[in-house]
Amino acid sequence: MTATQRALLNTLRLALAGVAIGLAAGPFFLADTQLGVLADFFSMLVLAIMWNLLAGYADIVTIGQHAFVGVGAYAFYAFAALAGVDPYLSIPLAGVVALIIAVPAMALLFRLRTAYLSIGTWVVAEVMMLGAGKIEAFGGGSGISVPIEILRAFGSTRSRRLATIYWLGFALAVFALGSTYLLLRSRFGVGLMAMRDNEESAASVGVNVTRARILCFLGVAPVLGITGAVITLQKLRIAPQASFSIVDWSVLITFIVVIGGIGTIEGPILGAIFFFVLREYLSDLGTWHLILLGVFSIAIILIDRRGIWGLVRRFALPADLIPIAHRSSSENTAVVEQAGLELP
Amino acid sequence: MVGALINQLLQGVLLGGLYTLFATGLSFSAGVMRFVNIAHGDFIVLACFALLTMTTTLGLHPIVAVVLLLPVAFAVGFTLQRFLLQRVVGEKILLVILVTFGLSIIIQNGLLEVYGADTHKVAGGWMETSTIALGPDVNVGLFSVLTFIAAVIVVGSLDLLLYRSGIGVKIRAVSDDVATADLIGLSSARIYGVAMGVSFVTIGIAAGFMSIWSNFDPSAGPTHLLIAFEVIVLGGLGSMWGSLAGGVVLGVAQTIGAQFDAAWQIMAGHIVFLAVLVVRPHGLFPRH
């Protein structure tokens, strides 16, 4: 690593920390519309981080992530509006419901492997969406609005509510990023990274692949459920097509992670920023923006499957921005070379 | 009463013929290349729209249009495999899923851009209006019977192709072990291309029947992928004749569900699929 590179890396890390601190104070200086867009951004970022954990590391390429987002949304409504539970408490409870539903779903889905598992998750999500549309208490097929009394619990005025929802989203994003970081730094995470690189080799050196898969699937579900609850506060209503939206919570998320860099911690962040910038400029292009995202993600896979972050790492930066490796790779190289070994 | 019940069951069985047609291409390519083309349903819908344009704008008869479409379909499948999918095949399955998933979204939105969100249908003329009386209260549509016969012929031909022909031997060799097949001089890339081409020919045939049987719109692809997927898992992976059984099971389940309402029709199919997955994870007719 040259001095310039090291300086660049440190500047970027400082900038990242600065942006995070700035975002934490967002409601004090941002306009309401900006808060809304950023709250959206946080939800998408959390979903992207979760999908990346499953698809990028644990080899569970789900196309049914929207199932648990929808379950969270509906569970939140059930607790807060139907059962009269405290609205704040209803948010983590939505996560608990998602976790409870994840157990039988997993028992069923893990009978399938690879691409069959992917489509299986999609079938389960369809069943949940169709089922949600059948329950009259949730407004049936057309859905139902969240009562204003519940929204008031999050702030008496619209601006205050926006600020609260913004902070909820921000806290969730920080939690998702922080826990993923700690997870990947742990012994368990080392196993996950080995699985990402080569599953058979990982299993042969003693990584319990099945256990890792189960823990990831069950760990991700409650976070998706909680995100679904927070999204419901942004959208102000639940509806089968919107709460279980495959385009919003699965398709776009996949594109975000693939374009940003699958199997990297920076990828989902970069992809989410890329997506939101693109959306701001291309929103009037209608369906073309989805076509473009599809073309981009296929191109990325053909050029460098580690996404934009992979390209940045290859050409511009010598080390990861968010260091997961216990030793940076250049130090590793030095150690290996000192030991007189050849790198593969 | 009994007549009505028999009618229902017959409709379900015949619907199963259409579902089998959706599934054969997917079953064939998945069996050979060990991956599932997520855009399979969208390619069926794309072919339906191609047939729509050929029959309305060019004024061709549907049968002529399908016959003209099939070689094009083969070429598209072959090209897609050789120049795009072959670049990611054999590595992590993740990449193939992501590429075909991307294709799926591109096709859906491309069709939406060109044809709009309206539903369409290809006019089948006398083929879809004629009925056959099988008994005092039992009538079936000529077209659904033709569809079922076509499904049996397609399944039988693919089975023969795979187990009784020269190219079938090569395809099976490559599917068993790519490295060894390459070692003994088979060109696995070319054989994969042929297999995908064959898969796309069945997509063309399926689209021919579907475009007359039912309405379609640009967003119909995923529904058809899920049906095709359920059919092959129900029937047992890699079993050609199993997919006919899977199609019939799904068709009957959906017809019974449709007695309640449209949402239940789809739901019933999914529930039967999940239930079979619990009881018999390897499908109804596993290959080994």
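In which segment of chain B does B:Pro286 lie? B:Pro286 sits in the segment after H12 of chain B. This is a predicted model. The proline is partly exposed, because 14 other C-beta atoms lie within 10 Å of its own, and the buried class needs 20 or more. Take B:Tyr192 as a reference point. B:Pro286 is 94 residues from B:Tyr192 in sequence, and their C-alpha atoms are 24 Å apart.

Now step back to the whole of chain B. It contains twelve helices and two strands. Read from the N terminus, the order of elements is α-α-α-α-α-β-β-α-α-α-α-α-α-α. The radius of gyration of chain B is 19 Å, close to the 19 Å that the globule rule gives for 288 residues, so the chain is as compact as a globular protein of that length. Its C-alpha trace spans about 65 × 45 × 30 Å along the principal axes. Of the 288 residues in chain B, 53% are buried. Consider next the contacts in chain B with a separation of 6 or more. Residues 24 or more positions apart account for 74% of them.

Chain A can be read in the same order. It has 17 helices and two strands. A compact globule of 344 residues would have a radius of gyration near 20 Å, and chain A agrees, with 21 Å. The C-alpha trace of chain A spans about 70 × 50 × 40 Å along its principal axes. Buried residues account for 44% of the 344 residues. Among contacts in chain A between residues at least 6 apart in sequence, 75% join residues at least 24 apart.

The two chains touch. Chain B gives 32 residues to the contact and chain A gives 29 residues. On the side of chain B that touches chain A, H4 (93-115), H10 and H12 (262-279) each supply at least two residues. H4(B) provides the largest share of that side, 14 residues. By type, the residues on this side of chain B are 25 nonpolar, four polar and three charged.

Two packed helices are described by the angle between their axes and the distance between the axes. Helix H6 of chain A (residues 114-132) packs against helix H10 of chain B (residues 221-235) at about 115°, with the axes 11 Å apart. The crossing of H6(A) and H10(B) is left-handed. H6(A) contributes A:Tyr116, A:Ile119, A:Trp122, A:Val123 and A:Glu126, while H10(B) contributes B:Leu226, B:Phe229, B:Glu230 and B:Val233. What types of residue make up the contact of H6(A) with H10(B)? Seven are nonpolar, none is polar and two are charged. An α-helix has 3.6 residues a turn, so residues three or four places apart point the same way.

B:Gly236 follows H10(B), and its phi is positive, near 105°.

Helix H11 of chain A (residues 209-235) can be followed to its end too. It has 27 residues and reaches 38 Å from first C-alpha to last, close to the expected 39 Å. Just after H11(A) comes A:Leu236, with a positive phi of about 70°. Most residues other than glycine have a negative phi. A:Leu236 lies in the loop between H11 and strand S2 (237-238) of chain A. Is A:Leu236 buried or exposed? A:Leu236 is exposed, because 12 other C-beta atoms lie within 10 Å.

A:Asp59 also has a positive phi, about 60°, although it is not a glycine. Its place is in the loop between H3 and helix H4 (66-82) of chain A. A:Asp59 is buried, because 22 other C-beta atoms lie within 10 Å.

Helix H3 of chain A (residues 32-57) holds A:Asn52. Why is A:Asn52 classed as buried? Because 27 other C-beta atoms lie within 10 Å. Beyond its neighbours within four places in sequence, A:Asn52 is in contact with A:Val257, A:Ile262, A:Gly267 and A:Pro268. A:Phe188 is 136 residues from A:Asn52 along the chain, and their C-alpha atoms are separated by 16 Å.

Technical notes: Residues numbered from 1 in each chain as written. Chains lettered and ligands numbered in written order. Predicted model: local features only at pLDDT ≥ 70, side-chain atom pairs only at ≥ 80, totals over all residues. Helix = DSSP H or I, 4+ residues; strand = E, 2+ residues; numbered from the N terminus. Expected span 1.5 Å × (residues − 1). Axes fitted to C-alpha atoms, helices over the stretch in contact; angles between N-to-C directions. Left-handed = near helix turned anticlockwise from the far one by under 90°. Contact = placed C-beta atoms within 7 Å. Nonpolar A, V, L, I, M, F, W, Y, C, P; charged D, E, K, R; others polar. Rg over C-alpha atoms; globule rule 2.2 N^0.38 Å.
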